[in-house]
Amino acid sequence: MLAAENLILMRGGKPVVESLTAALTPGTITAIVGPNGAGKSSLLLGLAGLLEPAAGSVMLDGQALAAFPPRTRAQAIGYLPQTPDIAWDVAVENLVALGRLPWRDRGTAAVEAALGALALEPLRNRPVSQLSGGERARVLLARVLAGEPRWILADEPLAALDLAHQLSLIAYFKACARVEQGGGGQGPGQGVVVVLHDLAIAMNHADRVLVLKDGRLIADGPPETALAADVIAQGWGVAARWLGDAGERALVAGEV
Amino acid sequence: MNRASLIFAALLVVLVPLSLLAGRVWIDPFDIAGGGIANAALILAELRLPRAVLAIIIGAGLGAAGAAMQGYLRNPLADPGLFGIAPMAALGAVASFWLGALIPPAWAAWSLPLLALIGAGTGMALLALIAGRTSSDAAGGAGGGIALFTLAGLMIASLAGALTALAITLAPNPFALSEIVMWLNGALTDRSWREVMLAAPLVAAGIAVLALAARSLDALTLGEDAARSMGLNPARLLALLVIGVGLTVGAGVAVAGIIGFVGLVVPHLVRPLTDRLPSSLIGPSALAGACLVLAADSIVRVLPLVTELRLGIALSLIGAPFFGWLLLRMRRVGL
């Protein structure tokens with residue numbers, strides 16, 4: 001369980017997340033959505049233990065995340081930043097292997113599994129400068145997976161991807177959440193928390209949606225209720241309605 | 001030991017004997033083997049050997065510091081000289097020319113290197129004090145530690161540079177003026193085992209400290225947030241870096257003056273031979289830095305000039321065009 005309790009986060013002296021309480025369960029995909037500047041990325045940083053709470057706390061399995069030694073926290077929570085720039089032109093394989101840093105081992109099996117899961121084996125020796133945007137996004141996610149975290153926190157992982165790559169990444173997130181690590185097939189899988197801009201993707205693929213506006217939670221629940229038309233009107237100031245059936249909905253939006 | 005280490009270690013093995021034989025007086029190895037010339041043995045033991053060892057030590061320190069700084073700043077254009085520590089060490093050394101009259105004669109021989117080390121230490125302390133003051137808020141990505149570190153380093157470097165220039169313009173006498181200017185241009189001329197004994201332990205300790213930072217620097221490949229999410233402790237990394245660079249660069253300046261461009265150029269020579277991660281660069285860059293300084297010092301010794309070309313000037317003459325070429329290449333192909 002990864003839980004925010006009365007969480008207040010500050011950046012640049014201003015509150016960006018205010019009195020937020022939400023307990024996330026492993027084995028599910030939680031989407032964090034909201035208009036620009038709502039505090040989505042800050043909340044994700046806070047949940048990852050990378051932004052210290054100004055008040056309240058983030059608890060991982062009942063213990064305050066702030067009290068975790070950095071490496072222990074890093075072994076439990078994998079974080080994928082929104083705009084990861086890669087400083088050095090390393091080969092795919094070596095970049096993915098960086099995911100083992102929290103464990104201080106080579107973790108060959110985990111690296112291979114991550115390369116395999118994202119179909120990166122053919123690219124393993126390619127320098128990252130020679131990858132397409134979609135390939136690069138997969139490599140960066142594979143880095144997180146190689147660390148075998150219990151929680152995967154990703155900030156807009158779909159933003160730079162075309163439709164096909166978006167769908168394959170979503171399928172992969174679902175697999176992470178459904179399957180227990182180690183392949184036993186029982187019990188919950190990894191907890192997946194993603195910041196999303198595309199509300200239709202959140203509607204059709206998330207198990208739970210947190211809607212943020214001005215740092216406050218304005219809706220929290222299954223997508224059908226958390227992304228209802230009145231919530232969208234309140235959050236984005238846009239009149240919108242959903243078309244289609246559950247699981248394959250499309251959003252039509254216009255001026256209020 | 002990776003491939004790059006082996007290559008530069010082998011190169012060093014070739015360069016050392018060549019350097020020992022090269023100079024105004026060329027030494028014929030067969031003379032010494034035959035026990036022929038006592039002078040040659042003396043030149044070797046008292047002049048060439050300490051000078052070669054010192055070149056290796058200083059070059060190794062500058063190479064390793066350059067590799068670590070480029071890893072920390074995530075930028076291939078970083079040079080340890082840019083970040084205040086070398087200019088502060090130079091300022092300390094210049095102060096010794098000023099304070100000459102006040103220093104007890106027993107200490108006179110040590111005053112320059114010691115004041116240079118004090119200068120380097122002051123630079124490190126300032127850097128840590130300013131760059132270490134990141135609130136948890138800033139560490140959360142709002143402009144954060146590394147940008148602050150860079151700016152603090154530049155501030156310290158320009159302050160030290162200005163104070164050094166002031167010391168030069170107000171030099172107590174023309175002799176001190178020429179001493180200061182000559183000294184600032186870095187050289188290994190007339191260095192002895194005394195300087196080796198001073199620099200060797202400091203540089204070795206500095207490289208060891210930088211090696212401890214290696215994996216943290218790898219984590220920074222993906223940016224500060226990703227690195228922290230992988231367990232990086234920014235305060236520990238900053239401390240290791242400031243201490244490591246301070247010891248290697250400070251000790252180098254203390255015994256040889258300012259020797260620029262080694263820390264900038266060497267990691268670029270090494271990087272294509274490695275997997276390009278900072279941790280793979282530190283060791284080979286130390287070896288390559290040793291090769292570069294040793295080779296350059298041997299060349300300035302044999303150039304047919306009236307006075308020996310200063311090593312610092314020679315390396316800048318090589319380094320600056322290389323830097324320009326690097327900028328052009330980066331503009332063309334990216335990293």
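Biologist: For chain B, what share of the contacts with a separation of 6 or more comes from residues 24 or more positions apart?
Modeller: In chain B, 82% of those contacts join residues 24 or more positions apart. A contact means that two C-beta atoms, placed from the backbone, lie within 7 Å. This is a predicted model, where local features need pLDDT of at least 70 and side-chain atom pairs count only at pLDDT 80 or more, while totals for chains, interfaces and linings use all residues. Residues are numbered from 1 along each chain as its sequence is written, with chains lettered from A and ligands numbered from 1 in the order in which they are written.

Biologist: How many helices and strands in chain B?
Modeller: Chain B has 15 helices and zero strands, both being DSSP runs numbered from the N terminus (helices H or I, at least four residues; strands E, at least two). Its radius of gyration is 20 Å, close to the 20 Å from the globule rule for 335 residues, so chain B is as compact as a globular protein of that length. The radius is taken over C-alpha atoms, and the rule is 2.2 Å times the number of residues to the power 0.38.

Biologist: And how much of chain B is buried?
Modeller: Of its 335 residues, 50% count as buried. The cut-offs use other C-beta atoms within 10 Å of a residue's own, again placed from the backbone: 20 or more is buried, 12 or fewer exposed, and in between partly exposed.

Biologist: Start on packing: how do α4 and α5 of chain B sit?
Modeller: α4(B) (residues 85–99) and α5(B) (residues 108–131) pack at about 145°, with their axes 7 Å apart. Axes are lines fitted to C-alpha atoms, for helices over the stretch in contact, and angles run from 0 to 180 degrees between N-to-C directions. The crossing of α4(B) and α5(B) is right-handed, meaning that the near helix is turned clockwise from the far one by less than a right angle; anticlockwise is left-handed.

Biologist: What sort of residues make the contact of α4(B) with α5(B)?
Modeller: That contact has 12 nonpolar, six polar and no charged residues. Nonpolar is Ala, Val, Leu, Ile, Met, Phe, Trp, Tyr, Cys and Pro; charged is Asp, Glu, Lys and Arg; the others, Gly among them, are polar.

Biologist: At what angle do α3(B) and α9(B) cross?
Modeller: The axes of α3(B) and α9(B) (residues 193–212) cross at roughly 25° and come within 9 Å. They are therefore roughly parallel, the class for angles under 35 degrees; over 145 is roughly antiparallel, 65 to 115 roughly perpendicular and the rest oblique. The crossing of α3(B) and α9(B) is left-handed. Among the residues that meet are G61(B) and A64(B) in α3(B) and W193(B) and G206(B) in α9(B).

Biologist: What about α1(B) against α3(B)?
Modeller: α1(B) (residues 3–21) and α3(B) (residues 38–73) cross at roughly 140°, with axes coming within 9 Å. That makes α1(B) oblique to α3(B). The contact uses V16(B), S19(B) and L20(B) of α1(B) with L44(B), R48(B), L49(B) and A52(B) of α3(B).

Biologist: Switching to the interface, how many residues of chain A are in contact with chain B?
Modeller: 27 residues of chain A are in contact with 26 of chain B. On the chain A side, β1 (2–11), α2 (70–76) and β6 (77–80) each supply at least two residues. α2(A) gives the most, with three. The chain A side divides into 18 nonpolar, four polar and five charged residues.
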